[in-house]
Amino acid sequence: MTSQPPSPPQQPEQPAEAVPTCYRHPEKETWVRCQRCERPICPDCMRDAAVGFQCPECVAEGNKGIRQARSTFGGSVVSTPIVTYAILALTVLVFGAQYLTDNAVGAALAMWQPAVADGQYYRLITVAFVHSTDNLLHILFNGWAIFAIGPYLERAFGHLRFAAVYLLSALGGSVLGLWLDPLPTATVGASGAVFGMFGAMFVVGRKLKLDVRGITLVIGLNLVITFVMPAISGLRISWTGHVGGLIVGTLLAAALAYAPKSNRTLWQVLAIVGALAVLAVLVMVRVSAIMGAG
């Protein structure tokens, strides 16, 4: 019988290397790891970093120490002036609705003291989006002014601060009209808000030490037109809307632009809320007077 050499001992099988899976999506295999925490991440979780990729949590943690860029006067950085475009779009839509409804929309949104005294306070703001359908130049001039000036101010103040300047200027014009226009007087137009933007432009220019002679001339000429044109042509212009908007826009812009840098946002919020509160009190006092006289 032929003897067989002893067989070599059996080597145990080596287990296959475990395939790593994304820590956020365990069903997805991946060989990429976060450069900071070294956890495996799938393509859906990869975030570009200076070297390689990072996971979402590490990116968020790193961003906490990065100071966010701010606009000239403390607002968010604006690439697209969406508030300006929204104002223009809404103004055009309302103008079209006025035509389609034989100006029923205009009558419902115009500034009219008896309606405000009856509780329709929204008219103090909606008046800025209504224009005369008999005078196309009215909406064309205001629309051009908003388009030309709005983006500059929105980039200087940020979306929310610019919206506050625009709307409170419109409200300021309405409030002065509520007090000084003969009863009853109906007014329409964004002129109060536009004059407020003129005043804000002057403030911004002064704060940044720019040449403000151009905007000063614009304000002066428009004030002359406001008071002289009705006298020589019979054209009705709401001087109260223009002057009220100019006063509020100028003062509010000054409060925003010259707010102390320490706690600037807080001071700016207080200025906006304070302006709104003063105007609201003036409205309530005048409404009480109108109702008492009636």
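**Notebook: a surface patch, a covered helix and some rings**

I began with the nonpolar patch: α7 (159-180), α9 (213-233) and α11 (264-293) each supply at least two of its residues. Helices here are DSSP runs (H or I, at least four residues), numbered from the N terminus. The model is predicted, so local features need pLDDT of at least 70 and side-chain atom pairs 80 or more, while totals for chains, interfaces and linings use all residues. Residues are numbered from 1 along each chain as its sequence is written, and side-chain values use heavy atoms, leaving out hydrogens and water.

**Patch.** I listed the members: W179, L180, V224, F227, V228, I232, W239, V278, V281, L282 and V285. Together they have about 990 Å² of accessible area. A patch takes residues with over 30% relative accessible area and no salt bridge; nonpolar side chains (Val, Leu, Ile, Met, Phe, Trp, Tyr) are joined within 5 Å, like charges within 9 Å. A salt bridge is a Lys or Arg side-chain nitrogen within 4 Å of an Asp or Glu carboxyl oxygen. Areas come from the Shrake-Rupley method with a 1.4 Å probe, and for residues only the protein chains shown count as cover.

I checked L282, which lies in helix α11. L282 counts as partly exposed because its relative accessibility is 34%. The cut-offs: buried is under 20% relative accessible area, exposed over 50%, partly exposed in between.

Next I looked at F227 and W239, both in the patch. Their ring centres are 6.0 Å apart and their planes at 35°, so the pair is tilted. F227 lies in α9 and W239 in α10 (residues 239-257), so the pair ties together parts twelve residues apart in sequence. F227 is partly exposed at 47%; W239 is also partly exposed, at 34%.

The structure holds five aromatic pairs. Another of them is F95 with Y99, edge-to-face at 5.3 Å centre to centre and 80° between the planes. Rings of Phe, Tyr and Trp (its six-membered ring) pair with centres within 6.5 Å; planes under 30 degrees apart are stacked, over 60 edge-to-face, the rest tilted. F95 and Y99 are four residues apart in α2 (residues 82-100), so about one helical turn separates them. F95 is buried at 11%, whereas Y99 is partly exposed at 49%.

I also found R286 with its charged end over the ring of W179, 5.9 Å from the centre. This needs NZ of Lys or CZ of Arg within 6 Å of the ring centre and within 35 degrees of the ring normal. R39 lies over the face of Y23, at 4.0 Å.

**Helix α8.** Of its 17 residues, 14 are buried. Just after α8, K209 takes a positive phi of about 60°.

Note on methods. Buried < 20%, exposed > 50% of the residue type's maximum accessible area, 1.4 Å probe, protein only.
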